Amino acid sequence: MNKFLSLFSFLFLLTSCQYFEKRVPSEEELLQQRLKGIDWKEVTVYPSVAECDSLLDKEQKKECFFNFMTVLIQQKIAPDSINLKAKIIDTIQVKVSVYPNATISFEPLFPSDSLNYDKIKIDSLIKSRLTDFPKIEPAQKEGIPVKTQFILPVILKME
């Protein structure tokens, strides 16, 4: 009986080791799981300037950055900077692009019925006036700097 019990114990130990063995996922499986878990439409960290770095909340930091950019653009495009004899517009949309290398570019967006606007003059004014910005930290996705674009309203005063 003792031999039977030891043989049974031995066979049990040999087969039970398979129950303790865990399957290790491959690198590809881990990568696919991680990629599925990433929200590709949202950045981890929004672009920022030094004035907003003290804020910890993501939404407050985003709001601070957008307010900072709007005020700075308004200051750079002074009320007397546009003197056009075209249809009076008071607000245009400006697409702001912040690149991974911390450079920034601006592109005015005009309404589709904007035939009366002097687009070339407004575009050149925006590109010439909107220079010498303070250092802007680019947005980050999972710790990697990425390009972001957003649209800000810019108020123009025309005479």
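Thr148 sits in strand S5. Leaving aside neighbours within four places in sequence, Thr148 is in contact (heavy atoms within 4.5 Å) with Val43, Pro47, Val96, Ser97, Val98 and Ala139. Thr148 counts as buried because its relative accessible area is 11%. Buried means under 20% relative accessible area, exposed means over 50%, and partly exposed lies in between, with a 1.4 Å probe and protein chains only.

This is a predicted model, in which local features need pLDDT of at least 70 and side-chain atom pairs count only at pLDDT 80 or more, while totals for chains, interfaces and linings use all residues. Residues are numbered from 1 along each chain as its sequence is written, and side-chain values use heavy atoms, with hydrogens and water left out.

Now the overall plan. The protein has four helices and five strands. Helices (H or I, at least four residues) and strands (E, at least two) are DSSP runs, numbered from the N terminus. Along the sequence the pattern reads α-α-α-β-β-α-β-β-β. Of the 159 residues, 26% count as buried. Take the contacts between residues at least 6 apart in sequence: 72% of these join residues at least 24 apart.

Next, the sheet. Three strands form an open sheet in the order S2-S1-S5, with antiparallel pairing. Two strands pair if DSSP finds at least two bridges between them. S2 and S5 (148-155) are the edge strands, and each pairs on one side only. From one strand to the next, the twist averages 30°. Axes here are lines fitted to C-alpha atoms, for helices over the stretch in contact, and angles run from 0 to 180 degrees between N-to-C directions.

S1 and S5 run antiparallel and share eight bridges. In that pairing, Gln93 has Pro153 of S5 as its bridge partner. S1 and S2, also antiparallel, are joined by six bridges. Val94 stands opposite Pro108 in S2.

Look along S5 and the side chains alternate. Thr148, Phe150, Leu152 and Val154 point to one face and are buried.

Helix H3 (residues 58-76) lies across S1, S2 and S5, and runs at about 45° to S5. H4 packs on the sheet and touches S1 and S2, its direction making about 160° with that of S2.

Within helix H4 (residues 119-129), Ile122, Leu125 and Ile126 are buried. These three are on the same side of H4 because they cover an arc of only 95° around the axis. The arc is that of the directions from the helix axis to the C-beta atoms. The buried residues of H4 pack against strand S1 (91-98) and strand S2 (104-109).

Ser124 also lies in H4. Ser124 is partly exposed, with a relative accessible area of 40%. Ser124 and Glu107 are 17 residues apart in sequence, and their C-alpha atoms are 9.8 Å apart in space.

Finally, a charged residue. Lys141 lies in strand S3 (residues 139-141). Lys141 is buried yet has no salt bridge. A salt bridge is a side-chain nitrogen of Lys or Arg within 4 Å of a carboxyl oxygen of Asp or Glu. The nearest side chain of opposite charge is Glu142, 4.9 Å away. For charge, Lys and Arg count as positive and Asp and Glu as negative, while His and the chain ends are not counted. Not counting residues up to four places away in sequence, Lys141 touches Ile38, Asp39, Trp40, Glu42, Val43, Thr44 and Val146.
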